[in-house]
Amino acid sequence: MLNSLFINHQDQKEALAIERRRRFEEARKARIFNARRRVIGVDVDALGYQVQEKHEAEQAEAEKQRKLAEEIHRQEQVVQLKQYEQRQERIRLENELNRFRASHQKPEQSRDFDLFDPQGLRKSLPARIGDDDPRLSVSGAQKFDGEDLAERHRRKVQTEQQRSWLEQQIREKRQAEIDRRAAEKFLEDTLISRENRLHQLASQERYAREKIHEAVNEFNRRLMSEQEKQRMRREREEQEDNLAEIYNNLTSDVLTENPDAAKSSFGPNRVITAQYKGMSPEEIEQIRRTQQLQLEELKRKRQSEANTKESWDQLANGFDRMATAKERELNRRRHSLAEQIRQENHLLSLEQQRKLDHLDKVIYQNKPTQAYFDQFNTCSR
């Protein structure tokens, strides 16, 4: 309360300005220090293209979902229509069944309807109508044996009943006879039509088989005549070839033993092996002289190779001795150089250790604390 008394309008404006700058600074730090919201160095065109691609993909997905929904709706309508048709068909069948039962399966038409007739008691007669009631029993002492009071009416009823039974049996027999004759007529007509069809098919089959047999026989006759001509031509050609072969054998150089027949056209030293008759004595002697010269040349070549090999062995031994000496000298130099490098590395490690001790103990005495690192990234400027 006391502080509010001494605060003027200018102080309030400055406080509001300071608070506004503080909020702006916090918002700017949130934008700069947040790597996900910072837009410095971002490819705006690429981002716009990605947004457009995402929008197009969403539109395509929405169009796909719309088409899928339309297809599902259409299929549901088809299914509902089919279900409606099935229900209507079921209702129609049930109605037809009920109409059939109502017209052809009435309860009063059954044989045992009198056992469960709800109006049976009302339709039943009383226990006694009169003295001529045929339902009166002997034990009731209402009618005795020999008292046939309704004989005329009974006989008349029995006669009419028998007549009706006979007429019904006659009608049933006549109808059965008519049905039997109709069935026999239908069966006879069916058998006759089937027999006619079988005869027609058999005649067509015989005609086709005869045509096929005629074509096959004609083809066989032509093939037999052609084979006969080919056989005669082969025999004639074979006879001509045999005569030509006999003449060629009689006049060939094989039987005449002509030495010039073995000469080949590929060179003077080439012969035809099928017609060659052997070498002459001069050729055999020439081959022997050539073999002797080849043996002497082979001995000289082997001696020269032995001398060359011995020289190369001596030279290789000298090279081995020189290489061994050089290798020993290189090993001595390598050991001395390794020892020198080891000493230099030891000196360098001592010098480096002295430098590190100087840096840690003399130069770097004030180590940075956590407060030194906390002063960074505290504002956006």
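Let me begin with a pair of side chains: Glu 70 and Arg 66 both lie in helix H3, 4 residues apart, which is about one turn of the helix. Helices here are DSSP runs of H or I with at least four residues, strands are runs of E with at least two, and both are numbered from the N terminus. The side chains of Glu 70 and Arg 66 meet in a salt bridge at 2.3 Å, N to O, where a salt bridge is a side-chain nitrogen of Lys or Arg within 4 Å of a carboxyl oxygen of Asp or Glu.

Residues are numbered from 1 along each chain as its sequence is written, and side-chain values use heavy atoms, with hydrogens and water left out.

As for confidence, pLDDT is the predictor's confidence in each residue, from 0 to 100. The mean for the protein chain is 82, and 82% of its residues reach 70 or more. Confidence is highest in H3, at a mean of 89, and lowest in helix H1 (residues 2-5), at a mean of 50. Where pLDDT is low, the predicted coordinates should not be read in detail.

The protein chain holds 8 helices and 0 strands, and of its 381 residues 4% count as buried. Buried means under 20% relative accessible area, exposed means over 50%, and partly exposed is in between, with a 1.4 Å probe and protein chains only.

Returning to H3, which spans residues 44-104, we find Glu 63 placed 3 residues from Arg 66, again about one turn of the helix. Glu 63 and Arg 66 also meet in a salt bridge, at 2.1 Å, N to O.

With a relative accessible area of 56%, Trp 312 is exposed. Together with Leu 315, Phe 319 and Met 322, Trp 312 forms a nonpolar patch on the surface, with about 480 Å² of accessible area in total.

Which residues of H2 are buried? They are Ala 17, Glu 25 and Lys 29. Helix H2 itself covers residues 9-33, and its 25 residues reach 36 Å from first C-alpha to last, close to the 36 Å expected at 1.5 Å a residue.

Lastly, the loop between H3 and helix H4 (120-123) contains Asp 117. Asp 117 counts as buried, because its relative accessibility is 15%. A polar atom of the Asp 117 side chain lies 3.2 Å from the backbone nitrogen of Gln 119.

How values were computed. Predicted model: local features only at pLDDT ≥ 70, side-chain atom pairs only at ≥ 80, totals over all residues. Patch = residues over 30% accessible without salt bridge, like charges linked within 9 Å, V, L, I, M, F, W, Y side chains within 5 Å. Areas by Shrake-Rupley, 256 points an atom, 1.4 Å probe, with all protein chains shown as cover. Polar contact = N/O pair within 3.5 Å; in protein donor to acceptor, adjacent residues only side chain to side chain. Expected span 1.5 Å × (residues − 1).
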